[in-house]
Amino acid sequence: GRELAAIIWENWLQGRRRAVWFTCNTDLLQDARRDLDDIGARHIKIESLTALSYGAISKHLKEGVLLVTYSCLVAKSVQGGQRVTRMQQLEEWLRGASSGGSGSGFDGVLAFDEAHKAKGAANSQPVGTAVVSLQHKHPLARVVYLSATGATAVQDMSYMERLGLWGSGTYFKAFDSISAVLNGGGGTA
């Protein structure tokens, strides 16, 4: 937690004033607050997305850390006859941190604590798919994965796109290629 808080603070000092701390449950808000306080970043505000109503996050948090549970990434509601999602809310907030209003300009921290919760990405599981989508939509974001059990099988690593093991400029064009080799299937790059 303190290492993650230090990453957020370092980025804060570099002018990147919005960060998202993904976690398993909202009970960790107090732990995150303590970790920020312990490293001397008491002034950085932290809010939990689940504690906020659907709507503009920036009304409550202009800059600081937004604590988001993995279940929030797939949560939705109906407001005034329209379906709204927490992911839409999050994307709007991230776009607000970008120059020119483009989502691709967000360059703050996307910290995936207990990142193994996204391991279903290879099987199109909703949380894993959302984690991969966020990384694609925000190529300038500083991404960090934290987990004691990041992967128990090769396919569980598919959400870890920023490792640089596959994709453009690497030997393996896509995760499927590296997965095939590591699983003993040969495969082609």
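**Exercise 1.** Which residues does leucine 73 touch, not counting residues up to four places away in sequence?

*Solution.* The model examined here is predicted. Begin at the side chain of leucine 73 and set aside its neighbours up to four places away in sequence. The residues that remain in contact are Phe22, Val68, Met87, Leu90, Ala130, Val131 and Leu134.

**Exercise 2.** Describe the largest nonpolar core and identify the elements that supply it.

*Solution.* Step one concerns membership: the core has 36 residues. Those with the most contacts inside it are Phe22, Leu66, Leu73, Leu90, Leu110 and Tyr159. Step two assigns the core to secondary structure. At least two residues each come from the strands β1 (18–23), β3 (64–69) and β6 (109–113), and likewise from the helices α3 (86–96), α4 (126–137) and α5 (175–182). Step three looks for the main contributor: α4 gives the largest share, 5 residues. Step four notes that another core, of 18 residues, lies apart from this one; Ile8, Trp21, Ala41 and Leu67 are among its members. As general background, nonpolar side chains in soluble globular proteins tend to be buried together.

**Exercise 3.** Determine how α3 and α4 are arranged and which residues form their contact.

*Solution.* First, take the two values that describe the pair: the axes come within 12 Å and cross at roughly 20°. Second, classify the angle. Angles under 35 degrees count as roughly parallel, and α3 and α4 are therefore roughly parallel to each other.

**Exercise 4.** Identify the buried residues of α3 and the elements against which they pack.

*Solution.* The buried residues of α3 are Arg86, Met87, Gln89, Leu90, Glu91, Trp93 and Leu94. Their packing partners are the strands β1, β3, β5 (82–85) and β6, together with the helix α4.

**Exercise 5.** Locate glutamine 125 and state whether it is buried, partly exposed or exposed.

*Solution.* Glutamine 125 lies in the loop between β6 and α4. Its relative accessibility is 29%. Buried means under 20% and exposed means over 50%, so at 29% glutamine 125 counts as partly exposed. Not counting residues up to four places away in sequence, glutamine 125 touches Lys117 and Gly120. Serine 48 stands 77 residues from glutamine 125 along the chain, and their C-alpha atoms are separated by 24 Å.

Note on methods: Residues are numbered from 1 along each chain as its sequence is written. This is a predicted model: local features need pLDDT of at least 70, side-chain atom pairs count only at pLDDT 80 or more; totals for chains, interfaces and linings use all residues. Side-chain values use heavy atoms; hydrogens and water are left out. A nonpolar core is a set of buried Ala, Val, Leu, Ile, Met, Phe, Trp, Tyr and Cys residues joined through side-chain atoms within 4.5 Å. Buried means under 20% relative accessible area, exposed over 50%, partly exposed in between (1.4 Å probe, protein chains only). Helices (H or I, at least four residues) and strands (E, at least two) are DSSP runs, numbered from the N terminus. Contact means heavy atoms within 4.5 Å. Axes are lines fitted to C-alpha atoms, for helices over the stretch in contact, and angles run from 0 to 180 degrees between N-to-C directions. Angles under 35 degrees count as roughly parallel, over 145 as roughly antiparallel, 65 to 115 as roughly perpendicular and the rest as oblique.
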